[in-house]
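The following report describes a single protein chain.

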Amino acid sequence: MTIKYRIRAIDSLGKLRYKAHMMNNAVLIFALLFSVVLSMGDDPKPPQNFRAIFNGKDLTGWYGLNPHSVAKLEGEKRDAKLAEMKKEFATHWTVENGELVNDGHGAYATTEEEFGDYELQLEYKTVAGADSGIYLRGTPQVQIWDWNQEFNTDKPTRRPHLGSGGLFNNTPDTLGRDPIVRADRPFGQWNKFRIIQIGGRTWVWLNNRAVVEGAVMENYWDRKKHLPVKGPVMLQTHGGEIRWRNIFVKEIGESAGKAFLAARPQLPNPTHFDVPYGPHLKQRIHFWQAESAEPTPMLLFIHGGGFRGGDKK
């Protein structure tokens with residue numbers, strides 16, 4: 001009886017260990033599955049008439065490209081560099097919690113699809129010292145700054161303190177090159193862009209505030225030519241981690257585009273840009289001088305900082 005009891009005891013202990021082992025495996029599998037679900041996040045929920053161009057799960061529909069690195073290359077050297085960037089894309093770009101995450105290095109995230117006239121909505125969150133932007137039709141760019149940087153008088157056309165959203169690669173001292181207002185949120189918070197591109201003109205809203213109003217986006221690659229008719233959306237990376245989410249697009253048809261432009265005549269560039277009227281960097285005023293020998297009304301635009309302690313009348 002004693003021998004049988006010991007055998008049964010050993011057998012029972014083995015079963016308990018086996019059950020514990022299986023339970024541990026089950027917990028491990030559940031934890032792995034749960035972490036995968038978390039990394040995938042919820043399915044994107046685009047607004048009406050929009051569609052998601054980032055699925056929130058993987059890098060499908062995107063590839064790596066830094067157009068500056070191949071702009072002067074030809075033939076086999078160009079092909080080799082393009083292949084290298086595509087191969088290394090997933091090294092620097094990952095998906096976490098439904099967010100497209102870059103580590104501050106590598107080629108830019110580029111859509112396989114090309115777009116003409118469209119509205120783009122997206123959100124981003126970045127860190128101090130980072131520099132990024134959104135290329136429209138493969139052309140730079142709607143700028144994203146670390147707006148806490150101090151203005152450097154040695155680089156007077158580089159103005160991160162004015163905030164993000166401007167068309168930084170446009171000619172300095174032209175409308176749209178710098179944002180109308182600084183609308184950036186503090187680090188750690190999500191920012192939301194709304195961008196409309198019709199023909200060569202660009203509208204940008206940052207966190208529901210208009211920062212560019214119908215300025216012409218110059219063709220950085222050849223300023224003698226108009227902006228390309230079509231091109232990819234590109235998310236730039238430079239100098240620090242940046243996260244993107246809720247990337248939605250709505251194509252704008254020809255008739256809708258013409259109606260939109262007709263309702264918003266283009267404002268010419270000022271004849272006198274950012275004329276200072278006070279000691280503060282934001283106390284600047286634009287003048288448009290009429291081509292007329294006769295007296296004409298004065299048109300001016302006050303860019304931040306008012307007269308007499310804020311009175312702009």
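How many of the 313 residues of the protein chain, as a percentage, count as buried? The share is 39%, where buried means under 20% relative accessible area, exposed means over 50% and partly exposed lies in between (1.4 Å probe, protein chains only).

## Basis and confidence

This is a predicted model, in which local features need pLDDT of at least 70 and side-chain atom pairs count only at pLDDT 80 or more, while totals for chains, interfaces and linings use all residues. Residues are numbered from 1 along each chain as its sequence is written, and side-chain values use heavy atoms, with hydrogens and water left out.

The pLDDT, the predictor's confidence in each residue on a scale from 0 to 100, averages 87 over the protein chain, and 82% of the residues score at least 70. Over residues 30-39 the pLDDT is below 50, and this stretch has seven contacts in the model beyond near neighbours in sequence; a contact means heavy atoms within 4.5 Å.

## Overall organisation

The protein chain contains four helices and 16 strands. These are DSSP runs numbered from the N terminus: helices are H or I with at least four residues, and strands are E with at least two. Among contacts in the protein chain with a separation of 6 or more, 62% join residues 24 or more positions apart.

## The five-stranded sheet

An open sheet is formed by five strands in the order β2-β5-β12-β7-β8, with antiparallel pairing; two strands pair if DSSP finds at least two bridges between them. β2 and β8 are the edge strands, each pairing on one side only.

Four bridges link β2 and β5, and W62 has T111 in β5 as its bridge partner. Two bridges join β5 to β12 (residues 234-235), with M234 in β12 as the partner of T110. β7 and β8 are joined by four bridges, and S132 stands opposite I144 in β8.

## Nonpolar cores

A nonpolar core is a set of buried Ala, Val, Leu, Ile, Met, Phe, Trp, Tyr and Cys residues joined through side-chain atoms within 4.5 Å. The largest has 35 residues, and those with the most contacts inside it are L100, L120, I134, F193, L235, W244 and I247. Elements giving two or more residues to this core include β3, β7 (132-136) and β13 (242-251). Apart from it lies another core of seven residues, among them L65, V70, M85 and Y108.

Leaving aside neighbours within four places in sequence, the contacts of I134 include L120, F193, L235 and W244.

## Helix α3

Helix α3 (residues 75-92) has 18 residues and reaches 26 Å from its first C-alpha to its last, close to the 26 Å expected at 1.5 Å a residue; the expected span is 1.5 Å times one less than the number of residues. A kink of about 25° is centred on K86, the bend being the angle between axes fitted to the seven residues ending there and the seven starting there.

The buried residues of α3 are M85, F89 and H92. Their cover includes β2 (62-65), α2 (67-70), β3 (93-96), β4 (99-102) and β5 (108-111).

## The loop residue P160

P160 lies in the loop between β8 and β9. P160 counts as buried because its relative accessibility is 0%. Leaving aside neighbours within four places in sequence, P160 is in contact with W145, D146, W147 and Q149. P160 and W147 are 13 residues apart in sequence and 5.0 Å apart in space, C-alpha to C-alpha.
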